[in-house]
Amino acid sequence: MSTEARSERAPVRLSPRTIVLYAIGSLGTGGYATLPGLVLTYFLTDNLGVAALAAGLIVTAAKIWDVLIDPLIGAASDRQLARTGSRRGFMVTGALALPFFFALTFAVPPSWGPVAGAISVLLAFLATATAFSLFQVPYVALPAELTGSYDERTRLLGWRVVVLTAAILLFGAGGPALRNAGDDPVQGYLLMGIASGIAIGIGMLIASGTADMAAKRTAAAPVTTADAAIPTADAAAAVASTWRHQYMSGFRALGRSQPFRALLGTFVLQALATGTMLAGAQYVATWVLRSEDAVTFVFVALVGPALLATPGWTVIARRVGKERAFAMATVLFTAAAASLVFAVWASGAWIYVSVAVAGVAYAGLQSLPMAMLPDVISHDERTSGAGQAGTFTGIWTAGETVGFALGATAVSLTLAATGYISTVAGATVEQPDAAVTGIVLSFSALPAVLMAGSLLTLRHYRLRRADIDTLEPFHA
């Protein structure tokens with residue numbers, strides 16, 4: 001290879017400014033993923049008096065809506081990129097709309113009654129989910145366009161997860177703290193919704209600037225002979241496609257990309273596992289640790305180690321490969337979740353130790369698959385043409401949404417099956433032993449089984465460093 005050719009393919013190191021701006025977006029994604037998953041079901045059952053099964057259906061319905069719109073937003077984001085050269089428009093719209101609807105979700109008072117309250121929360125959360133998807137789908141597509149380097153993507157997503165874990169701590173601990181700051185739980189939830197919504201929107205708005213950086217890098221990227229010969233019919237058709245074509249484009253991406261199927265299947269199972277633990281955390285704090293405020297300590301135990309461990313997973317991935325590091329993190333999380341089963345017989349401070357071990361693994365479970373997704377997109381571009389990153393990330397976000405939605409559903413079904421008693425704000429009840437046991441198992445055994453299952457799908461992921469660095473042209 002000539003010196004000129006080698007220089008064209010030499011990976012360009014991302015600037016600190018690019019990494020910081022992109023990572024700040026996780027202030028928004030972490031807040032949205034954490035706070036509703038942590039407190040929304042509990043808000044419905046223990047503040048508005050909504051039955052556990054109905055509360056689970058409300059959260060699931062909003063997530064189903066996400067699944068329906070994410071592929072459409074992904075294809076529309078690709079069209080916007082083809083038309084304007086940037087994905088920023090959708091990201092800004094989502095960032096501006098989300099704070100208002102997020103606050104409305106937690107503004108419903110118990111005096112409206114369970115039925116009216118449930119309907120109001122559902123409508124507000126549907127709007128919140130739509131605003132978030134407008135940002136999230138193009139946001140996840142950007143790493144594939146910001147750099148073509150295998151290791152730079154790991155670095156970029158590693159720092160993103162540092163901010164993500166900090167956001168999980170901020171919202172997972174700070175949100176309930178705001179809720180409990182005063183004597184009135186109704187005002188507390190409203191304060192939490194307003195403050196959290198504004199913080200989420202600011203993070204999303206700042207990160208939208210990286211869309212223009214990605215557009216400039218893509219425009220400046222050298223085009224190889226192989227790339228020039230690849231027809232981009234799907235990308236061109238997406239500019240004027242129907243909604244049916246947009247859905248079919250996503251299914252075709254799943255059909256033709258074996259690495260994508262393997263990675264997505266793994267990620268969905270793990271989202272289901274972590275979504276189950278997240279939805280159960282507040283119940284564990286209240287009925288196992290016997291303190292509603294204990295959820296703050298649970299999140300400190302989870303996120304503190306995760307913040308410290310994220311750079312370590314980046315180092316491990318550089319040495320052994322992302323896929324092997326991902327498997328190691330999965331095994332560690334499985335073991336930590338399984339150990340929590342013993343809380344059925346003996347609860348206590350030892351629970352925080354198991355959660356901390358899970359936190360070390362959680363850092364890898366967040367950063368590594370997100371660093372692997374741009375590799376999958378780049379691999380597909382060699383055979384199917386560029387301009388379809390939004391299609392992939394639309395399906396990816398929909399899959400993640402399914403996992404988290406079914407996690408909350410699994411918890412609500414467990415609560416309903418074990419006789420959990422719903423109540424309104426200010427009332428005092430005592431839960432039956434069966435309900436407390438169900439809470440523990442949904443926080444431990446079920447996530448452990450799902451995590452173990454994800455190792456089977458991960459075995460089919462076969463992309464390695466050589467598949468990316470030796471074949472993929474790097475953006476200048």
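This is a predicted model: local features need pLDDT of at least 70, side-chain atom pairs count only at pLDDT 80 or more; totals for chains, interfaces and linings use all residues.
Two residues are in contact when heavy atoms of theirs lie within 4.5 Å.

**The chain as a whole**

- Among contacts between residues at least 6 apart in sequence, 85% join residues that are at least 24 apart.
- The chain exposes about 17,500 Å², and 70% of that area is supplied by carbon and sulfur atoms.

**Helices H12 and H18**

- Two packed helices are described by the angle between their axes and by the distance between those axes.
- Helix H12, which spans residues 258-287, and helix H18 have axes that come within 8 Å and cross at roughly 170°.
- Because angles over 145 degrees count as roughly antiparallel, H12 is described as roughly antiparallel to H18.
- On the H12 side the contact is made by residues including Ala262, Gly265, Leu269, Gln270, Ala273 and Met277, while the H18 side contributes residues including Leu446, Pro447, Leu450, Met451, Gly453 and Leu458.

**Met451, a residue of H18**

- Met451 lies in helix H18, which covers residues 445-458, and it is one of the H18 residues that make the contact with H12.
- Met451 has a relative accessible area of 0% and therefore counts as buried, since the term applies to values under 20%.
- Leaving aside residues up to four places away in sequence, Met451 touches Gln270, Ala273, Thr274, Thr330, Phe333, Thr334 and Leu365.
- Met451 and Ala271 are 180 residues apart in sequence, yet their C-alpha atoms are 9.2 Å apart in space.

**Arg290, in a loop**

- Arg290 is placed in the loop between H12 and helix H13, the latter running over 294-320.
- Most residues other than glycine have a negative phi, whereas Arg290, although it is not a glycine, has a positive phi of about 65°.
- With a relative accessibility of 48%, Arg290 counts as partly exposed.

**A nonpolar surface patch**

- Ile194, Ile198, Ile202 and Ile206 make a nonpolar surface patch of about 330 Å².
- Ile206, one of the residues in that patch, lies in helix H7, which covers residues 185-207.
- Ile206 counts as partly exposed because its relative accessibility is 36%.

Technical notes
Residues are numbered from 1 along each chain as its sequence is written. Side-chain values use heavy atoms; hydrogens and water are left out. Patches are made of residues with over 30% relative accessible area and no salt bridge: like charges are joined within 9 Å, nonpolar side chains (Val, Leu, Ile, Met, Phe, Trp, Tyr) within 5 Å. Accessible areas come from the Shrake-Rupley method with a 1.4 Å probe; for residues, only the protein chains shown count as cover. A salt bridge is a side-chain nitrogen of Lys or Arg within 4 Å of a carboxyl oxygen of Asp or Glu. Helices (H or I, at least four residues) and strands (E, at least two) are DSSP runs, numbered from the N terminus. Buried means under 20% relative accessible area, exposed over 50%, partly exposed in between (1.4 Å probe, protein chains only). Axes are lines fitted to C-alpha atoms, for helices over the stretch in contact, and angles run from 0 to 180 degrees between N-to-C directions. Angles under 35 degrees count as roughly parallel, over 145 as roughly antiparallel, 65 to 115 as roughly perpendicular and the rest as oblique.
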